[in-house]
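This note comments on the model shown here.

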Amino acid sequence: MAKRDYYEILGVSRDAGDDEIKKAYRKLAMKYHPDRNPGDSDAEVKFKEASEAYEVLKDADSRATYDRFGHAAFEQGGGRRPGGGGGFGGFEGFADIFDEMFGDMMGGGRRGGGAPHGADLRYDLEITLEDAFNGKDTQIHIPTWVSCETCEGSGAQPGSKPVTCPTCGSRGRVRMQQGFFTIERACPSCHGQGKVIEDPCDDCDGVGRQQQEKTLQVNIPAGVEDGTRIRLANEGEAGLRGAPPGDLYIFLSLKPHRFFQRDGANLFCRVPVPMTTAALGGEIEVPTMNGGRAKLSVPAGTQSGTQFRMKGKGMPVLRSNAKGDLYIQVSVEVPVNLTKRQRELLEEFREESGEDSDRHHPESHGFFSRVKEFFEDLRD
């Protein structure tokens with residue numbers, strides 16, 4: 001079966017420019033790529049045709065040869081395509097296009113060479129609520145990889161230098177042929193750095209880094225919350241042979257507090273109040289997060305569960321001058337271990353308030369009145 005004209009395959013005229021040819025091929029490659037058409041043999045054939053046509057027409061010399069002699073110029077014994085070798089695996093044009101389209105997925109973002117930066121590190125740090133309220137400077141100790149002092153991270157013996165990698169010619173990347181794909185990956189000889197060490201440093205064995213415990217000063221700002229992440233740039237693992245270091249991420253967790261519960265910038269505290277204070281009214285002292293105490297006025301007749309707001313007594317808001325509020329929830333405490341006289345007084349109070357229970361205890365009176373109505377409705 002005769003081969004189709006390459007210009008016809010790409011859908012361009014014979015005087016089309018290089019950009020037009022490249023654009024046409026890119027469109028077809030995206031449309032008929034096998035990954036997008038699994039099991040479609042027709043799409044696979046069209047993809048191979050487009051790749052073969054682009055391989056010839058993208059190069060000025062091979063295009064001129066094709067224009068003059070047609071397909072015969074590239075048959076057995078009649079010359080070769082610029083990518084070298086038979087089939088489609090050697091097509092440089094195919095790799096160039098797919099580096100451009102899928103570079104990030106296939107590692108194309110590192111095509112310029114250079115070893116990858118060091119690994120990022122995570123450190124979990126537990127702090128108190130007081131630390132989160134006031135802010136804190138603390139030291140942490142991290143076992144990690146640090147740059148070798150002897151060779152200053154180069155990996156080469158002092159007085160010598162790394163040399164150009166003979167495998168990749170300093171590109172840091174090599175191309176491998178797999179079927180009709182050409183895949184680019186990090187050079188196995190220099191690990192993507194583009195240079196190799198002929199005389200390695202004795203102290204680090206040529207890797208440019210050593211394991212060591214590093215001590216760091218960490219500033220914890222006031223207002224941090226549970227789960228806050230602090231990033232220390234370039235404090236992660238040192239990269240191989242002078243490559244940039246990674247980052248250190250500190251994840252904060254807060255210890256439970258004896259008195260306070262936190263919700264964002266607000267604090268909540270449950271405070272027991274004597275029954276007499278709740279009934280007659282009075283003033284109580286409540287703890288505050290700054291280590292002091294604040295006076296709270298309790299109105300007469302305060303019920304258990306009543307919540308009072310103390311403005312500006314909560315947590316600071318991160319990187320702001322604002323502060324949250326402190327909410328005090330009253331828990332009315334019933335007296336225990338009564339003396340004889342105290343029992344007599346309470347008995348007298350109960351007798352005195354018997355006829356006016358709805359006035360003295362409106363909540364309980366209302367509740368049991370509704371219960372009574374409920375059962376009466378059931379009987380009807």
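1. In what follows, contact means heavy atoms within 4.5 Å. The model is a predicted one, in which local features need pLDDT of at least 70, side-chain atom pairs count only at pLDDT 80 or more, and totals for chains, interfaces and linings use all residues. Residues are numbered from 1 along each chain as its sequence is written, and side-chain values use heavy atoms, with hydrogens and water left out.

2. Ten helices and 15 strands are found in the protein chain; helices (H or I, at least four residues) and strands (E, at least two) are DSSP runs, numbered from the N terminus. Of its 380 residues, 36% are buried, where buried means under 20% relative accessible area, exposed over 50%, and partly exposed in between (1.4 Å probe, protein chains only). Among contacts between residues at least 6 apart in sequence, 64% join residues at least 24 apart.

3. A nonpolar core is a set of buried Ala, Val, Leu, Ile, Met, Phe, Trp, Tyr and Cys residues joined through side-chain atoms within 4.5 Å. The largest one has 36 residues, and I127, I140, L248, I250, L252, V286 and I328 have the most contacts inside it. Not counting residues up to four places away in sequence, I140 touches Y123, L125, K214, T215, L216, V218, L248 and I250. Apart from this core lies another, of 20 residues, with V12, A24, Y54 and V56 among them.

4. D247 belongs to the loop between β8 (229-232) and β9 (248-254), yet D247 is buried at 12% relative accessible area. D247 forms a salt bridge with R231, with the closest N and O atoms 3.1 Å apart; a salt bridge is a side-chain nitrogen of Lys or Arg within 4 Å of a carboxyl oxygen of Asp or Glu. The pair links distant parts of the chain, as R231 is in strand β8 and the two residues are 16 residues apart.

5. Leaving aside residues up to four places away in sequence, H71 touches K3, R4, D5, Y6 and Y66.

6. The structure holds 17 salt bridges. One of them joins D5 and R14, with the closest N and O atoms 3.1 Å apart; D5 is partly exposed at 24%, and R14 is partly exposed at 44%. K136 and D131 also meet through their side chains (3.5 Å, N to O); K136 is partly exposed, whereas D131 is buried. R4, E8 and E49 are linked in a network of salt bridges.
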